[in-house]
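Please have the sequence and the 3D view open while reading.

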Amino acid sequence: MKTNLVKKANEFIHKPFFSDYRTLFGLWALISIIAGITKIHKCNNFLIFRYVYWHTVEGVSLYAPYPDCYNDVNHYGPLFSLIIAPFALLPVPAGVILWSIALGLSLYYAIRVLPFDRRQHVFIYWFCAHELMTALFMSQFNIAIAAIIVASFYCITKGKDVWATLLILIGTFVKLYGIVGLAFFFFSKHKLKFILSFAGWSAVLFVLPMLISSPEYVIGQYREWFEGLITKNQDNLFSLHQNISLLGMIRKLSHSASYSDSWIILGGLFLFALPYLRIGQYKFRDFRYALLASVLLFVVLFSTGSESSSYIIALVGAAIWYVTAPWKRSGWDVALMVFAFILTSLSPSDLFPAFIRKNLVQPYALKALPCVLIWLKLCWEMCTRNYAPRQAAA
């Protein structure tokens, strides 16, 4: 009886409908629309974003508290005022919905342009759908950061260095996370063009917010932004809803504030950088994808600013890691992905036992644990495995 049910379930899941790109596009679009509609009357994060534009136009601080407008404070750079402008100019309900759609579909298309086969795309879209919904319910720009990292990687591999550097710098000038796109520099075939375009776009994006304000104001806001990020880093250390990362997990499990995260970050950077020594592997597409996955995981696991909604970035990385290896994934790899889906993706939802979530997962930042294990496994693979296509390896 059980075997028959499993067989029927397997046949149902493998129906062409579930692997049709139109179905997947519809799924992600629907998730985005539903998330936008449900947040119309409770959209604090979107209000923070929206006022970045209006406060820039008015010439007031972007980083001061405005309790009459929203809770918390803004932590995004002055360039964000132009990115959010089309949505800030609309009535709030329309702005929330369109912002949600723009976020969801930006990541959908970033993944879609990667030259994967249908099976790989299908797995990534279904595996990340629930985490996408979690991030969309927070209206978070983390979704766009994931899209920016993936798209900048794609542009570099296609020789479009000018567009790659633009994307990297947009992510950097908005939330700093985008700077990790520089990790793909060694895959560029036009390194001088990369460097020159990086310098040129840096200047353009730095001054661009001055179009709706003034040079003095923008320079002052960059100063406030960096000061605010330093303060926020300290505030995040033991925050229940922030520092959901490897850094936070270690700190919260140890209950210690007597050490510096710098030592852990340096160790992480060492592991992250080790695969760069395998220059002979650069030519293999799957090795490059492994580095993309490593970047997407690293930026979340080693940031005190990581929150639950940041894991749309990490889970896209985990999915890319899983589907792009040129060898058959082991049962342990499957177990890691199941572990990530249950603990990382489902733990913030009502599908997960509330007692475990409130007493174990949240207090000790355990949402990060599966992604930590996947990233460590990935680092080991990049240092030891041959990423040559199986036909070539034979």
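Leaving aside its neighbours within four places in sequence, which residues is Phe141 in contact with? In this predicted model, Phe141 is in contact with Phe49, Tyr76, Phe80, Ile83, Trp99, Leu103, Ile148 and Val174.

**Nonpolar core**

- The largest nonpolar core has 129 residues, and Phe141, Ile149, Leu301, Ile313 and Ile320 touch the most other members.
- Helix 14 (residues 285–301) supplies the largest share of this core, with 13 residues.

**Helix 8 and helix 14**

- Helix 8 (residues 142–157) packs against helix 14 at an angle of about 155°, and their axes are 11 Å apart.
- The two helices are therefore roughly antiparallel to each other, because angles over 145 degrees count as roughly antiparallel.
- Their crossing is right-handed.
- On the helix 8 side, the contact involves Ala146, Ile149, Val150, Phe153 and Thr157; on the helix 14 side, Arg288, Tyr289, Leu292, Val295, Leu296 and Val299 take part.
- By class, this contact has nine nonpolar, one polar and one charged residues.

**Helix 15 and helix 16**

- The axes of helix 15 (residues 311–324) and helix 16 (residues 331–345) cross at roughly 165° and come within 11 Å.
- That angle makes helix 15 roughly antiparallel to helix 16.
- The crossing of helix 15 and helix 16 is left-handed.
- Helix 15 makes the contact through Tyr311, Leu315, Ala318, Ala319, Trp321 and Tyr322, and helix 16 through Asp333, Val334, Leu336, Met337, Ala340, Thr344 and Ser345.
- The residues of this contact divide into 10 nonpolar, two polar and one charged.

How values were computed
Residues are numbered from 1 along each chain as its sequence is written. This is a predicted model: local features need pLDDT of at least 70, side-chain atom pairs count only at pLDDT 80 or more; totals for chains, interfaces and linings use all residues. Side-chain values use heavy atoms; hydrogens and water are left out. Axes are lines fitted to C-alpha atoms, for helices over the stretch in contact, and angles run from 0 to 180 degrees between N-to-C directions. Helices (H or I, at least four residues) and strands (E, at least two) are DSSP runs, numbered from the N terminus. Angles under 35 degrees count as roughly parallel, over 145 as roughly antiparallel, 65 to 115 as roughly perpendicular and the rest as oblique. A crossing is left-handed if the near helix is turned anticlockwise from the far one by less than a right angle, and right-handed if clockwise. Contact means heavy atoms within 4.5 Å. Ala, Val, Leu, Ile, Met, Phe, Trp, Tyr, Cys and Pro count as nonpolar, Asp, Glu, Lys and Arg as charged, and the others, Gly among them, as polar. A nonpolar core is a set of buried Ala, Val, Leu, Ile, Met, Phe, Trp, Tyr and Cys residues joined through side-chain atoms within 4.5 Å. Buried means under 20% relative accessible area, exposed over 50%, partly exposed in between (1.4 Å probe, protein chains only).
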